[in-house]
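Subject: Structure for your files

Dear colleague,

Here is the structure I said I would pass on. My notes on it follow below.

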Amino acid sequence: MKKHLIIIAISLLICPIIISAQEWDPQHDTLDAAVKTDSRRVVESLGKMTTSVEGVRRVISPLGEGDPIRWAQGLPGVTTGADGTTAFYVRGGNMGNNLITLDGVPVYGYSHLLGLTTIVPQDVMSEASLLKGGFEGNSSNFTAGHLKITTKDPNREKFRMSAALNNFLASISMESPISKNTSFLLSARISPLAWEYKAVRGMLPSLLGGFDNFGAGVGDVYGKFRWQTGKRSVLNASFLGSMDGYSFTAADNADEKMGWNNLIGTVNWHVDGNRSFMDLRASVNRYTSSQEQHKEYRGVMNHLTLKSSLIEYMFSFDRTESMFKAFKMDYGTKLRITEFAPGQVASVNNKSNSFLGTVYLQGRYDIEDKLSARATVRGHYYRNMKDKSIKTSMEKIKAGRFDYDASVSVDWKIFKYLSLEATFDRMVQYYHTLEGLPVGWSLDMIVPSSREIAPENALQGNLGLSSQIGKHTVSAGGFYKKMNDLVYYKYAQSLFSGGMASWESDVDMGQGRSYGAEFLHEYVGKDLYTRVSYTWSKTDRFGFPSINEGGEFHARFDRRHVLNAVAQWKGFSAAVTLQSGHWENGAAETYPMHVPGAEWTADYFSGVNNYHMPTVFRLDLGYMFSFETGKVKHDVNVGVCNATNHFNPFMLYFDAVTEGWKMIALLPILPNFSYRISF
Amino acid sequence: MKTILHKITFAIISLTSLTACVRDVILDAGEKPQVVVECILSNEDVQELNLCFTKGASREGTEPLIEAFATLIDLTESKTVGQFVKGEKEGLWTLEYSAVPRHHYRLEVQVPGYDLIHAEDIMPESLDIWSFTLTGNSLENVGFSSPSPTFTSNALCAGTVYSTSSLPKYTLIYGMNYNPQTGRHEIADEIFTNLPVVDAFNITSEVYMPELHKHEVSYLPEVEAVKSLHADLKGAPKHKQYLLLEKESLENVLYQFLGDSDPRFAYDFLVFGSFTGDWFYYKKKDYRDPAPTEGYLVFESLSDNYLAFLRESIHFMQLKESSDMASIYLRDNVYTNVTGGLGIFAASEKQIEQCANVFQTIIFDDYFPDYGIISENGECRFADNERYEYPLWGPSDDTLTAL
């Protein structure tokens, strides 16, 4: 595991090269950041927050430009995993309980560059929303947060092109009309990580110790084709391919490789009617991950290849109709056929197919500036094909199962400046993520629910008040969430372990509970924008038979206090994060005991996740400016992440040499830079 | 100049990054210490109770437990046996009492600042082990019904055979060797038996393969009988330090009737291991206590709670000694039957027995005229000069070749 952390350390170390290589001279005009102030406001409702691509771009990150997950990590109700990575947790759920969609299609292996960013390029993004409650009818198969990423439509007027370079990625994108009714958008990114490694290796070989032969193949391609098929109908076809592959030789002469890939193809037909609209969508989604190790052990070369894959075919139909003046009805269906093959080692393929059919009905009632209410009911039929019907003398157990879930949200404007908001959700999720390192790497195995490992479900309620007075928006609320059939994988932090092939015997199931209060204040001025979000919450787990004798224990990322503050003035940005430390397993209390003929020291563990890690503090500073030369627009971002170089450890490991425990932090003080041209 | 400056800046940042990445930590969860109780009731005259607190990871040592009030209650007779008295040694309390087999006991401990700590257990059945050491000559009177065969010096020692008419529910067997360097008895590391059913909780990957004794001779029927027992020992799995016998499992496999008139089960078996300094005696009337420097074998009858505790303790002990890194991440607690605290309140009965390793001693200084065997230059042969190389027991040459 330490080896993989070194990879991240290397990747973080490499970035200053880029800076030192850039001999840029700010000789041009330093214009104000081209950011529309209205687009900065994120509050749409207590359970839903939205930002434009500009809002995403302004988030300070190691890449020099933000991404949707980093934006979401600064919102109330959200806690983070390892500092500096894309791991995030919403209202006490697990990381794998979040749903990330790109134009309505789930993205399972969403992280890029060892968890530093996401696979969706900024150039294709239109907006991003985070939903924490009051989920929409066509959102299903998750139990925590839904991060919706929407792509922009290709430009139908003229050809546009842009190129960008930052610490870790070089990208190019173009969009253009093809004919009167057709247009396209293309984007490609590639990472120079391997070349940067070679440069560091050449300059300071001693820095990298016994870590050798590092290779990285990281990139993505996105394409979208738009066809205006009629006056009120549009056909969109898009694809996204991403690749993350890393290889290295560790100090013990083990050749190791790991990586993940996504391939998503979508066709969507949208039709607007007089009083209705309809979406018909088909998609194919292939996500694979792999780990390989070639290592000599006792004179024999051992080879381990562990592969996991998921292929999902999805068909959906959504329709909205305006029934009366203030009432709208949404209904639709979504069919998923998924081929799971988690933990394939040698001849073990672990293949199982599943079918999930969902129908929903949703009513919306809106009285402008007074009341907005929505009620949704969903019905699911799920079957894991390896489950067969069982008939005994006592009962008959069917192979498939029916579930119902529901969402309700009410937004009542009590006074001119004060609204009361309430949401209620019951959600079911028919797959499980066996979560490993909290760094956002998309290496965690995704496994299907079955008769033995039931679907996860969550019940949550949220009540709050919000007020918008002039340039200020304030919201405050509380939530309660109960989670059932959560999965705990005992060897979650193992990499390169053939034992993952027998994952079914190493999972335990239990429950979770989370409650807390969320607060958000936004100020949107002409030049000044500030946002302060604070979350107080308590999240625990219990009822896992093999853990803590079924008793309660802290969820690993049960951070009691999470404070995020952002201030942007003209081109300057500052962001502060202050979070309670997360929980790790403390060392044992010890006591002397005797067995016949010997004395020994016994260990006593009062529980799991009982050691509170240090508080996380991070100050990020950035400056963004734009200038134009002729028809070419230049955007430059510079900044420093963790400007105070605060040590924010995210995990522990046992050093076999010193026989002691060590804390690891990923993000030291880290300058960042990005440069974008567009015309 | 600019380039040099950039390189220096890069080096500083890189070095800062490296040093910022990893730090040592002592993972003390800072929780209230637990009271640890350790009391194994026995058939000895004095019962001992050890009390202490657990030690947190960042503490140098344990906080001494000075004040406690401990009572032993006999639930079978519904009476208080007595209060433990604090001894001179820190953490030790004693009570003059010998526990009665099959009686149900309850221990109550009151420690200021803690809720009542209590535990219960039942004293196990008594042991009834016989042993006898067979020798290679003067065996006329030797038989398996005899507990003490005759023995003379300059003899071929055939080892000790153990016998019992009925084992208790759980029996633990281990050898104690005298270590002259420490001046103490220490547990023998290896132990085998020819019994076919032994708990495998501490089994190792090795098996017993007796050495080939080319000079060992026997044509005595009694020794040949032991030889047949020893033959079973070949290929027996090696256990680390302890043999654990469960009566029920054994009875399913191994039993014999002593006779129609006496329908008791009987066991005759061998125990072999890395034993040194053997203590053995020959006739019942010759019985003597082991000398301080002699080793011996211990048979211990265990209560259910003690069995559960020992099984897990031994497993964790061996795991800690192993090089398996996975043990670092295990968070399983050792079995305890103590409510309100940790440790164990259990019961056992011990019996120590002689142990002479099978054919571990062959004395060639004299000959065995009764059988026409003489010993010359370290070799054993018949008086008619025919060299005798038949291994008494051990793998045949064919087997060795195959191995």
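Ser129(A) stands opposite Lys148(A), which belongs to strand β10 of chain A. This is a predicted model, so please read what follows with that in mind. The pairing that holds these two residues is between β9(A) and β10(A), the latter covering residues 146-151; the two strands are antiparallel and share six bridges. Strand β9(A), residues 125-131, also pairs with β2(A), residues 48-52, again in the antiparallel sense, through five bridges. On that side, Lys48(A) has Leu131(A) as its bridge partner in β9(A). As background, strands of a sheet pair through backbone hydrogen bonds, in either a parallel or an antiparallel way.

Two loop residues in chain A have backbone angles worth a look. Asn141(A) lies in the loop that links β9 and β10 of chain A. Its phi is near 65°, a positive value in a residue that is not glycine. Is Asn141(A) buried or exposed? Asn141(A) counts as buried, because 20 other C-beta atoms lie within 10 Å and the cut-off is 20 or more.

Arg91(A) is the other case. Arg91(A) is not a glycine either, yet has a positive phi of about 45°. Arg91(A) sits in the loop between β4 (88-90) and β5 (99-102) of chain A. With 29 C-beta neighbours inside 10 Å, Arg91(A) is buried.

Now chain B. Its secondary structure consists of six helices and 25 strands. Chain B has 403 residues, and 37% of them count as buried. Among the contacts in chain B with a separation of 6 or more, 72% are between residues 24 or more positions apart.

One sheet in chain B can be described strand by strand. It is an open sheet of four strands in the order β15-β16-β14-β21, with antiparallel pairing. Which strands of chain B stand at the edges? They are β15 (203-207) and β21 (271-273); each has a single partner strand, so one side of each is left without a neighbour in the sheet. From one strand to the next, the twist averages 40°. The partner of β15(B) is β16(B), residues 237-240, and the two are joined by two bridges in the antiparallel sense. Within that pair, Ile203(B) is bridged to His239(B).

Helix α4 of chain B runs over residues 304-321, which makes 18 residues. From its first C-alpha to its last, α4(B) reaches 26 Å, close to the 26 Å expected at 1.5 Å a residue.

Last, the confidence values. The mean pLDDT of chain B is 73, with 63% of its residues at 70 or more. Residues 136-156 of chain B have a pLDDT below 50; beyond near neighbours in sequence, this stretch has 55 contacts in the model. Residues 359-403 of chain B also stay under 50, and the model has 65 contacts for them beyond four places in sequence. For the complex, the predictor gives an ipTM of 0.77 and a pTM of 0.76.

Regards

Note on methods: Residues are numbered from 1 along each chain as its sequence is written. Chains are lettered from A and ligands numbered from 1 in the order in which they are written. This is a predicted model: local features need pLDDT of at least 70, side-chain atom pairs count only at pLDDT 80 or more; totals for chains, interfaces and linings use all residues. The expected span of a helix is 1.5 Å times one less than its number of residues. Two strands pair if DSSP finds at least two bridges between them. A residue is buried if 20 or more other C-beta atoms lie within 10 Å of its own, exposed if 12 or fewer, and partly exposed in between; C-beta atoms are placed from the backbone. Two residues are in contact if their C-beta atoms, placed from the backbone, lie within 7 Å. pLDDT is the predictor's confidence in each residue, from 0 to 100. Axes are lines fitted to C-alpha atoms, for helices over the stretch in contact, and angles run from 0 to 180 degrees between N-to-C directions.
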